[in-house]
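Subject: The structure I promised you

Hi,

Here is the structure we talked about. Open it next to this email and follow along as you read.

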Amino acid sequence: LGEIKDARAVEPLVAALGDAEAGMRRWAAWALGEIKDARAVEPLVAALDDADEDVRWSAALALGNIGDPRALPALERVAREDKGETESGSVAEAAREAAGEIRRRLKSAEQE
């Protein structure tokens, strides 16, 4: 669903963020980041508190892809506090990168 980037998938993917399987939640977060629909921001912010590190990591990256500044406070908190590590890297580092991407977009928009 993330590869086809169809906004009609946002609601089912948001629902999948509540799935019992961490793998499903992780892939749902990734797909939402690929679709880049602002409706996913609040559910992805909530996913930053998921018990699974991979889900939190994917949610942070997805929020960076979406680029909505509403996610900054939560990403900054995760960058400071989250000690989770995944095979792909630390959750805190993913949150720092996502927050940095959002700040770059904001700065670029201000200069236009």
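Let's start in a loop: Gly18 sits between H1 and H2. Is Gly18 buried or exposed? With a relative accessibility of 66%, Gly18 counts as exposed, because anything over 50% goes in that class. Gly18 and Ala47 are 29 residues apart in sequence, yet 8.8 Å separates their C-alpha atoms in space. Before we go on, keep in mind that this is a predicted model.

Asp52 is in the loop between H3 and H4. Leaving out residues up to four places away in sequence, Asp52 touches Ala22 and Arg25. Asp52 is also 35 residues from Leu17 along the sequence, and the C-alpha to C-alpha distance for that pair is 12 Å.

The other one is Lys36, in the loop between H2 and H3. Its phi is near 60 degrees, which is a positive value in a residue that isn't glycine. Most residues other than glycine have a negative phi. Lys36 is partly exposed, at 48% relative accessible area.

Now for how the helices pack.

Take H2 (residues 22-35) and H4 (residues 53-66) to begin with: their axes come within 7 Å and cross at roughly 10 degrees. An angle under 35 degrees counts as roughly parallel, so that is what H2 is to H4. On the H2 side, the residues making the contact are Ala22, Arg25, Arg26, Ala29, Trp30, Leu32, Gly33 and Glu34. From H4 come Asp54, Val55, Ser58, Ala59, Ala62, Asn65 and Ile66. Sorted by class, this contact of H2 with H4 has 8 nonpolar, 3 polar and 4 charged residues.

H4 also packs against H6, with axes that come within 8 Å and cross at roughly 10 degrees. H4 and H6 are therefore roughly parallel to each other. Which residues of H4 make this contact? They are Glu53, Arg56, Trp57, Ala60, Leu61, Leu63, Gly64, Asn65 and Ile66. Their partners in H6 are Val91, Ala94, Ala95, Ala98, Glu101, Ile102 and Arg105. The contact of H4 with H6 divides into 10 nonpolar, 2 polar and 4 charged residues.

Then there's H5 (residues 72-81) with H6 (residues 91-111): here the axes come within 8 Å and cross at roughly 145 degrees. H5 passes H6 in a left-handed crossing. In H5, look for Leu72, Leu75, Glu76, Val78 and Ala79. They meet Val91, Ala92, Ala95, Arg96, Ala98, Ala99, Ile102, Arg103 and Leu106 in H6. How many polar residues are in the contact of H5 with H6? There are no polar ones, alongside 11 nonpolar and 3 charged residues.

While you have H4 on screen, find Trp57, which lies in that helix. Not counting residues up to four places away in sequence, Trp57 touches Thr86, Ser88, Gly89, Ser90, Val91 and Ala94. Trp57 and Gly100 are 43 residues apart in sequence and 15 Å apart in space, C-alpha to C-alpha.

One of the residues Trp57 touches, Gly89, lies in strand S2 (residues 89-90). Gly89 is partly exposed, with a relative accessible area of 21%. Between Gly89 and Asp54, 35 residues apart along the chain, the C-alpha distance is 9.3 Å.

Last stop, the inside. The largest nonpolar core has 33 residues. Which residues have the most contacts inside that core? Those are Leu13, Leu32, Leu44, Leu48, Leu63 and Leu75. Helix H1 (10-16), H2, helix H3 (41-47), H4, H5 and H6 each supply at least two residues of this core.

Setting aside its neighbours within four places in sequence, Leu48 is in contact with Arg56, Ala59, Ala60, Leu63, Ala74, Leu75, Arg77, Val78 and Asp82. Two of those names, Leu63 and Leu75, are also on the list of residues with the most contacts inside the core.

Cheers

Key: Residues numbered from 1 in each chain as written. Predicted model: local features only at pLDDT ≥ 70, side-chain atom pairs only at ≥ 80, totals over all residues. Heavy atoms only, no water. Axes fitted to C-alpha atoms, helices over the stretch in contact; angles between N-to-C directions. Helix = DSSP H or I, 4+ residues; strand = E, 2+ residues; numbered from the N terminus. Parallel < 35°, antiparallel > 145°, perpendicular 65-115°, else oblique. Contact = heavy atoms within 4.5 Å. Nonpolar A, V, L, I, M, F, W, Y, C, P; charged D, E, K, R; others polar. Left-handed = near helix turned anticlockwise from the far one by under 90°. Core = buried A, V, L, I, M, F, W, Y, C linked by side-chain atoms within 4.5 Å. Buried < 20%, exposed > 50% of the residue type's maximum accessible area, 1.4 Å probe, protein only.
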